[in-house]
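Work through the exercises below with the sequence and the model open side by side. Each task is followed by a solution that goes step by step.

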Amino acid sequence: MPSPFPLPARLVRVAAVGALGLAVGVGATVAVAGLRGQPDTVASVQRLDLPGQAAEAAPRPDDGTARPVAAGTARAAVERFLKAVAREDHATSYGLLDHAGRKRYPSLARWTRAQADRTAVSGVRVGAQRRAGGAVDVTVRLAHPAAIDPFAGLVPARTVEVWRSRSEGGRWRVAADPVSVRADLPSDRGAPEAVTSWVQRLLACDRQAAAGLQAGAGLQAGTDLYGPGDLADVPCRERGRWTVAAPQGFDAAVEPEAYVAAFGPEVNAWARLVPVQGPRTRFSVVVGPLGDTWRVLGTDPVQTSR
């Protein structure tokens, strides 16, 4: 799986984000594959130096820039590799690839082309390392330009990834892809707050102000909201008391087709349904995490009784 954030075009198709547990109330937080809204707990690392070995013969470069790059420890190799990826220094990152990575990408040109399918990295923080057989796994916290759109799906602002490094011929090398990737998403308790603000603006019949809380600008040209278009007009017509309930998983959506078509099936992992109830009408607002906040994506009708 390509990374970092190593997800092909629909970035967070949350390939490495597992099943999500949902908060049973507005104040609870939710875990995304064991990581959701948690503070940065990356541990400090002891320096790990292995005895030097005979110098490795340099792989045959395809041009003068594809030379091996030296790093004194596994942690240093991973840090240098990912910082090179972040600044698009493909020659340096390629020079740190392990044998399997060089076999998969036999030339710098091939490696450079592959980077087009990887998520941009805007920050690298290297944390704890641990032995993994004959290799060393290094935990890294990466920052990304957050986005939600129908081409990339969800790009979280932060991911926690594990990268494997091994000593080959006296040099520390890095695998082409991470061992695991987890999205660090905001707490679910912010979702009802975002929906409350959105409904309040609709009650004032101010669609322009409500649009400021939507992810529409980053979605699809000419499309402000997904789902039944008339539901967003109801609060303006139906005056009275409206309430906002605790978020639910997107797998409870009645009409998920538009969202799945736009963002792929991974939308089930990161989108939320927030039920709203008016004097006569009830529906759900679909929200997604954009950076550290929740933004409105659209609406979903309630299940009709048979």
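Throughout, a residue is called buried when its relative accessible area is under 20%, exposed when it is over 50%, and partly exposed in between, with a 1.4 Å probe and protein chains only. The model is predicted, and local features need pLDDT of at least 70, side-chain atom pairs count only at pLDDT 80 or more, while totals for chains, interfaces and linings use all residues. Residues are numbered from 1 along each chain as its sequence is written, and side-chain values use heavy atoms, with hydrogens and water left out.

**Exercise 1**

Task: Find the disulfide, taken as a pair of cysteine sulfur atoms within 2.5 Å, and describe its geometry and surroundings.

Solution: A search of the whole structure gives 1 disulfide, and the cysteines that it joins are cysteine 205 and cysteine 236, with an S to S distance of 2.0 Å. The torsion about their S-S bond is about 100°, so the disulfide is right-handed. The two cysteines are 31 residues apart and belong to distant parts of the chain, cysteine 205 to the loop between α5 (190–203) and α6 (207–211), and cysteine 236 to helix α7 (residues 234–237); helices here are DSSP runs of H or I with at least four residues, strands are runs of E with at least two, and both are numbered from the N terminus. Cysteine 205 counts as partly exposed because its relative accessibility is 35%, and cysteine 236 is partly exposed because its relative accessible area is 29%.

**Exercise 2**

Solution: A polar atom of its side chain lies 2.8 Å from the backbone nitrogen of glycine 101. With contact meaning heavy atoms within 4.5 Å, and leaving out residues up to four places away in sequence, aspartate 98 touches Arg166, Glu168, Arg173, Val174, Ala175 and Ala176.

**Exercise 3**

Solution: Alanine 183, in β7 (residues 180–183), is buried because its relative accessible area is 0%.

**Exercise 4**

Task: Which residues of the largest nonpolar core touch the most other members, and which element gives the most to this core?

Solution: A nonpolar core is a set of buried Ala, Val, Leu, Ile, Met, Phe, Trp, Tyr and Cys residues joined through side-chain atoms within 4.5 Å. The largest has 26 residues, of which Val78, Phe81, Leu82, Trp111, Val140 and Trp163 touch the most other members. Elements that give two or more residues to this core are α1 (74–86), α2, α4 (108–114), β2 (135–143) and β6 (171–174), and α1 gives the most, with 6 residues. Apart from its neighbours within four places in sequence, valine 140 is in contact with residues including Val78, Leu82 and Trp163. A second, separate core has 19 residues, among them Val195, Val199, Val234 and Val296.

Note on methods. Polar contact = N/O pair within 3.5 Å; in protein donor to acceptor, adjacent residues only side chain to side chain.
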